[in-house]
Amino acid sequence: MTSWIRPAPYDASAASLTEHAHAIGEVMAGHGRLWLGPFDPPAQLPAGFEDAALVVPTSGSTGAAKAVALSRQALLASQDATASLIGHGYWLPLLPPTHIAGVQVIARAHRTAQVLGLDGPALPRPLPDLRGHFDSTAFVALAEPALAQAQEAGLPALTSLVPTQLTRVVTGATGADARARAVLRRFTAVLVGGAATPQEVLARARGQRIAVRTTYGSSETAGGCVYDGTALPGVRLRIDGADAEGAGRLLVSSPTLALGYLFADGSSEAIGTELATSDLTSLDAEGALSVLGRADDVIITGGRKVLPQDVERAIDRSLMLRGLVRSAVVVGVPDAEWGQRVEALVTLEAGVEPAEAASLVRSALRTTEVPSFMIPKRVHVVQELPLLGIGKIDRSAARRVATDLTDPAGG
């Protein structure tokens, strides 16, 4: 059995990025298998996992770590389907190559080289140092050399961002932010995924003529398999258990599906030909996908269903909270009377008085279309929201924080 390639822990330095990019290139060339899982690889792969070429960590939004095993065929199917939409191009890596989104940016650059016969991956040379704080100034410093190299190679410039990165560039008010937007406009496509992107941010980006493409996918689908609500070629979507509004759990069939899950105790779980996601979604008459939230995140309070994302969007869009609330997550905590109680964690902009935040958020929501039973009973100010992976909210941790802040004794 071929041994696993295991790069040193990623530290965002240019040397570390280079080591990971080389390892990903070995996978793309069919010369090696890359282990990025959160535990040591098994001595022997389980039956049905023999074709595993890449293993990445995943936790969804539940906080339970496990590893997803992908074949090289699934990776190629994903890369070629993406290229059918946006073309093979020159990729600027801005995401850590430790999760599927960051891995695929680099893998697509290797695929570009394979398809076009280049002498190396379509990546910046040398690869950038990503250890600094991401802001508009840092983005320009990283992007301008990459754009020049892409132009010299005669290739479209492509990159991928998480919503937080896009938001910083799109909404900033400084001269550096304006320059960053001008630079970002020069990219043929800017993929954004990993978490929900506020509609206002997308609208502003598109109004600024930035070629943003929203992506939906997961480690289990080898990254994005739905772009701008439309499934990539070969991807089939269907809704299971749809309610009266047509919302239900999303099922995905695709040549990009992972082989399955590997666990630290040596056990495994195959995915098969159809992935049952944890996402609550709907499909319109043309087949466009809308992600409403995670089915597991639905809050049942007093017998009524609350989608936390609906409340979060209302907070994000509230003019009363503009410049006050930086970010928010809504969760359900146990309640003896209601079953679950709606609560929120918020982070505030600099200079905002925390003591006033709770009443401000509740008052603002009363001016929206959010029903009264969906308005958080308590609003807790925190320094940072708990995150998973690359910018995804850790809702399990957020529930624990809210519960502890409500009842520090834990009872």
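Is Phe-187 buried or exposed? In this predicted model, Phe-187 has a relative accessibility of 3% and so counts as buried, the limit for that word being under 20%.

A search of the whole structure finds four aromatic pairs. A pair of aromatic rings is described by the distance of the centres and the angle of the planes. In the pair of Trp-4 and Trp-35, the ring centres lie 5.2 Å apart and the planes meet at 75°, so this pair is edge-to-face; the name applies to angles over 60 degrees. Trp-4 belongs to strand E1 (residues 4-5) and Trp-35 to strand E2 (residues 33-35), so that the pair links distant parts of the chain, 31 residues apart. Both are buried: Trp-4 has a relative accessible area of 14%, and Trp-35 has a relative accessibility of 3%.

Phe-139 and Phe-187 form another of the aromatic pairs, with 6.3 Å from centre to centre and 40° between the planes, and this pair is tilted. It also links distant parts of the chain, 48 residues apart: Phe-139 is in helix H4 (residues 136-153), while Phe-187 is in the loop between helix H6 (175-184) and strand E7 (189-192). Phe-139 has a relative accessibility of 1%, so Phe-139 too counts as buried.

Return now to Trp-4. Together with Trp-35 and Phe-39, Trp-4 forms one aromatic cluster. The ring of Trp-4 also has a charge over it: the charged end of Arg-33 sits there, 4.2 Å from the ring centre. In another such arrangement, the charged end of Lys-66 sits over the ring of Tyr-261, 4.2 Å from its centre.

Phe-139 leads on to helix H4. With 18 residues at 1.5 Å a residue, H4 should span 26 Å, and its end C-alpha atoms are 25 Å apart, so the two values agree. Which residues of H4 are buried? They are Ser-136, Phe-139, Val-140, Leu-142, Ala-143, Ala-146, Leu-147 and Ala-150. Among the elements that cover these buried residues are strand E5 (90-92), strand E6 (157-161), helix H5 (163-171) and H6.

The two ends of H4 can be described as well. At its start, a side-chain oxygen of Asp-135 comes to within 3.3 Å of the backbone nitrogen of Thr-137. After H4 comes Gly-154, which has a positive phi, near 70°.

Terms used:
Residues are numbered from 1 along each chain as its sequence is written. This is a predicted model: local features need pLDDT of at least 70, side-chain atom pairs count only at pLDDT 80 or more; totals for chains, interfaces and linings use all residues. Side-chain values use heavy atoms; hydrogens and water are left out. Rings of Phe, Tyr and Trp (its six-membered ring) pair if their centres lie within 6.5 Å; planes under 30 degrees apart count as stacked, over 60 as edge-to-face and the rest as tilted. Helices (H or I, at least four residues) and strands (E, at least two) are DSSP runs, numbered from the N terminus. Buried means under 20% relative accessible area, exposed over 50%, partly exposed in between (1.4 Å probe, protein chains only). A charge sits over a ring if NZ of Lys or CZ of Arg is within 6 Å of the ring centre and within 35 degrees of the ring normal. The expected span of a helix is 1.5 Å times one less than its number of residues. Contact means heavy atoms within 4.5 Å. A polar contact is a pair of N or O atoms within 3.5 Å; within protein, one must be able to donate a hydrogen and the other to accept it, and residues adjacent in sequence count only if both atoms are side-chain atoms.
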